[in-house]
Amino acid sequence: MTTISLTRTETSILQTAAACEGRLRFAPEMKPASRKRLIGRLLRDELITPSDAPDGQHRLTPTGYLAIGLTPPARTNTACRPNKKVLVLTLLTRDNGATLAELIAATGWLPHTTRAALSRIRSGGQPLAKAARPDATMAYRILPPSPAAGTRSRRKGETLTRGAEAEPQAGMPVQAVA
């Protein structure tokens, strides 16, 4: 087993993180270049996790706890918080769909952010329907894909063809492949 030598600053930051449930905290006066270099070294030595966690924070690894002489906390079997995009898609695939108010309550987003998410779903190719419920509220619902889905290009008048034997259609632009 190799030992990792830590500077006084690194030790201080790791000890502070251990006291804050493993979340890394940096002094506000630390220069961005110094912070980047420090994070790079801690990542290289596998003392912290990458920031691709759901909350975007670096956290101490068990190796990080051991490097400062602490025992890593026991892992709990709690389920992770679901991804909000998956949550929105799940609500929209229900038979009765979801209202804007239901989506806002489920995600905690502001109304304009929720509407933007609906626009991204629609522009991503998901067929999204809007219909009035019996209580006069508008509900959004993802429609099941049609059998002809995926045969049209986003360019006007251009049809996608499958296979090498496909013939170009009359009036369609033909591109030469080099």
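Visitor: Leaving aside neighbours within four places in sequence, which residues is Pro127 in contact with?
Guide: This is a predicted model, where local features need pLDDT of at least 70, side-chain atom pairs count only at pLDDT 80 or more, and totals for chains, interfaces and linings use all residues. Residues are numbered from 1 along each chain as its sequence is written, and side-chain values use heavy atoms, with hydrogens and water left out. Contact here means heavy atoms within 4.5 Å. With neighbours within four places set aside, Pro127 is in contact with Arg141, Ile142, Leu143 and Pro144.

Visitor: How far apart in space are Pro127 and Ile142, C-alpha to C-alpha?
Guide: Pro127 sits in the loop between helix 6 (111–123) and strand 2 (128–132); helices (H or I, at least four residues) and strands (E, at least two) are DSSP runs, numbered from the N terminus. Along the sequence, Pro127 and Ile142 are 15 residues apart, but in space the C-alpha distance is 5.8 Å.

Visitor: Which residue has its backbone oxygen 2.7 Å from a polar atom of the Thr61 side chain?
Guide: Not counting residues up to four places away in sequence, Thr61 touches Glu46, Leu47, Ile48 and Thr49. The backbone oxygen lying 2.7 Å from that polar side-chain atom belongs to Glu46.

Visitor: How are helix 4 and helix 5 oriented to each other?
Guide: The axes of helix 4 (residues 84–92) and helix 5 (residues 100–107) come within 10 Å and cross at roughly 150°. Axes are lines fitted to C-alpha atoms, for helices over the stretch in contact, with angles from 0 to 180 degrees between N-to-C directions. Angles under 35 degrees count as roughly parallel, over 145 as roughly antiparallel, 65 to 115 as roughly perpendicular and the rest as oblique. Helix 4 and helix 5 are therefore roughly antiparallel.

Visitor: Which residues in helix 5 do those of helix 4 meet?
Guide: On the helix 4 side are Lys84, Leu87, Val88, Leu91 and Leu92. Across from them, in helix 5, are Glu102, Leu103, Ala106 and Thr107.

Terms used. A polar contact is a pair of N or O atoms within 3.5 Å; within protein, one must be able to donate a hydrogen and the other to accept it, and residues adjacent in sequence count only if both atoms are side-chain atoms.
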